[in-house]
Amino acid sequence: MRKINTRDFSIATRTTARDINRRIALNVIREHQPISRADLARHMNLTRGVVSVLAQELMDQELIYEGATGEAARGRKPTFLHIRTSDRLVVAVDVRFSRTSLMLCDFSGRQLAIETYDTVFSIRAFVKDLAARIRRMLKTHGLKAACEGIGVVVPGMVDQRTGRILNAPALGWRGVDIRAKLAAATGLPVHIENSGRACALAQLWLERGEATGGHNFVYISVSDGVGVGIVVNGELLRGRDHIAGEFGHMPLNLEGPRCMCGAKGCWEAYTSNLATLSRYFGWNLSKLSPKTLRDAEKRAFNVVDLIARARNGDDKALSAIQDSARFLGLGLATIINIVNPDGIYLAGEITTGWDLIEPSVREALAKRVLTETAARTPLRVTSIQEHSRLRGAAALIAAPTFAAPRVA
């Protein structure tokens with residue numbers, strides 16, 4: 001049960017029930033499209049007359065459209081309903097320590113164009129360069145459709161209400177506001193979020209059916225760092241100071257290797273791509289400068305290549321990824337003990353070797369969780385080709401259309 005906050009609430013009005021039913025209808029259509037009005041009525045346990053009114057209101061709001069006509073054994077042929085996505089565009093931006101990726105997609109997350117380039121760390125230069133790339137991409141690939149906003153994800157803590165980047169250690173950004181600058185430079189609304197939370201948001205809103213992960217799950221992205229997004233009861237967990245889910249910086253060893261946040265022994269310093277490559281090449285993370293770390297991440301040789309070597313019999317490569325797998329399992333056990341999710345989604349380059357590392361991950365996890373059932377928490381690997389962080393950035397713009405109205 002949830003207690004009503006008497007200092008922060010929304011009063012129900014005469015139209016509240018209709019607004020809620022309309023939003024439910026929109027989400028049922030999203031998950032089951034193409035769907036007829038009759039099937040929509042069955043899913044919602046409402047009469048066809050009421051559903052027809054809701055569908056018409058959604059069409060008037062230009063949120064859905066009528067598609068093809070289906071077949072019927074008798075009576076009137078059904079007309080299928082679809083979510084309007086193809087002519088509603090979003091620009092998604094994924095800022096990483098090593099590189100920045102820019103994608104143009106529609107409201108469903110379908111990719112229309114993508115480009116990747118070296119990350120610019122000066123805020124003024126970053127905004128100027130990104131704005132120019134966005135204008136060029138929209139001019140070249142926009143197809144005269146309306147762009148409804150820009151979603152930006154960063155590897156750090158973000159006050160989602162203000163868009164202020166509180167601390168992104170890998171980028172050297174602290175107390176930075178790029179939202180207003182980028183909005184002014186492009187003339188488009190801008191939303192900024194932590195990359196791990198954005199990935200969870202994409203899993204929640206841009207997937208369909210069982211792939212949505214339900215209403216209680218954790219999403220973990222292993223790349224330059226480790227991003228974690230937590231969904232509880234269908235809602236992202238952010239915390240009072242917008243740092244909830246920063247498991248990448250939980251300490252495994254106070255005397256361990258230096259993390260990019262400046263502390264020693266963080267989970268990220270044992271599990272990230274850089275940590276895995278460091279084991280193979282014999283680098284000492286505690287002695288490498290930020291410039292050296294950036295150059296290392298930009299090397300042509302990456303974790304996917306390392307996994308390929310492991311498959312081809314390179315024992316040193318196999319040992320490096322197995323060590324990362326054990327530390328990954330150790331961190332997962334802590335998350336399961338604290339959050340107890342219905343499942344965990346894993347993304348990142350190291351998951352391309354899941355068949356090699358899964359036994360080590362599960363063994364390390366099983367040793368540290370508190371119950372036998374916790375050890376059986378489902379672990380689901382997402383495809384590296386799905387650009388989960390970019391889809392997360394797109395979800396920042398698309399998801400509010402489908403979110404539940406707040407009452408009480």
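**Chatting through a predicted model**

Biologist: Where does leucine 330 sit?
Modeller: Leucine 330 is in helix 11, residues 315–339. Helices here are DSSP runs of H or I with at least four residues, strands are E runs of at least two, and both are numbered from the N terminus. This is a predicted model, so local features need pLDDT of at least 70 and side-chain atom pairs count only at pLDDT 80 or more, while totals for chains, interfaces and linings use all residues. Residues are numbered from 1 along each chain as its sequence is written, and side-chain values use heavy atoms, with hydrogens and water left out.

Biologist: Why does leucine 330 count as partly exposed?
Modeller: Because its relative accessibility is 25%. Buried means under 20% relative accessible area, exposed over 50%, and partly exposed in between, using a 1.4 Å probe and protein chains only.

Biologist: And how far is its C-alpha from that of leucine 252?
Modeller: The two C-alpha atoms are separated by 8.9 Å, though leucine 330 and leucine 252 are 78 residues apart along the chain.

Biologist: Switching to the backbone, what is the peptide bond from glutamine 33 to proline 34 like?
Modeller: That bond is cis, with omega near -5°. Proline 34 belongs to the loop between helix 1 and helix 2 (37–44).

Biologist: What about phi at asparagine 233?
Modeller: Phi is near 55° there, positive in a residue other than glycine. Asparagine 233 is in the loop joining strand 12 and strand 13.

Biologist: Is asparagine 233 buried or exposed?
Modeller: Exposed, because its relative accessible area is 63%.

Biologist: Then what does histidine 242 show in phi?
Modeller: Histidine 242 has a positive phi as well, about 65°, and is not a glycine either. You will find histidine 242 in the loop between strand 13 and helix 7 (268–271). With a relative accessible area of 7%, histidine 242 is buried.

Biologist: Which residues lie nearest the centre of the largest pocket?
Modeller: Gly234, Glu235, Leu236, Ala403 and Ala404, out of 39 lining residues. Helix 1, helix 6 (195–205) and strand 13 (235–236) are the elements giving two or more residues to that lining. Helix 1 gives the most, with 7.

Biologist: How many cavities of 30 Å³ or more are there?
Modeller: The structure holds 3 of them. The largest cavity has about 240 Å³ of space.

Biologist: What lines the largest cavity?
Modeller: There are 24 lining residues, with Pro155, Gly156, Gly225, Val226 and Glu268 nearest the centre. Strand 12 (residues 226–232) gives the largest share, 3 residues.

Biologist: And how much space is in the second largest cavity?
Modeller: About 80 Å³. Its lining has 10 residues, and Arg258, Cys259, Met260, Leu274 and Leu285 lie nearest its centre.

Definitions and conventions:
On a 1 Å grid over the protein atoms alone, a cavity is a set of points where a 1.4 Å probe fits but cannot get out, and a pocket is an open set with protein on both sides within 12 Å along at least five of seven lines; lining residues have an atom within 4 Å of a point. Grid points are joined across faces, edges and corners, and a volume is the space filled by probe spheres set on the points.
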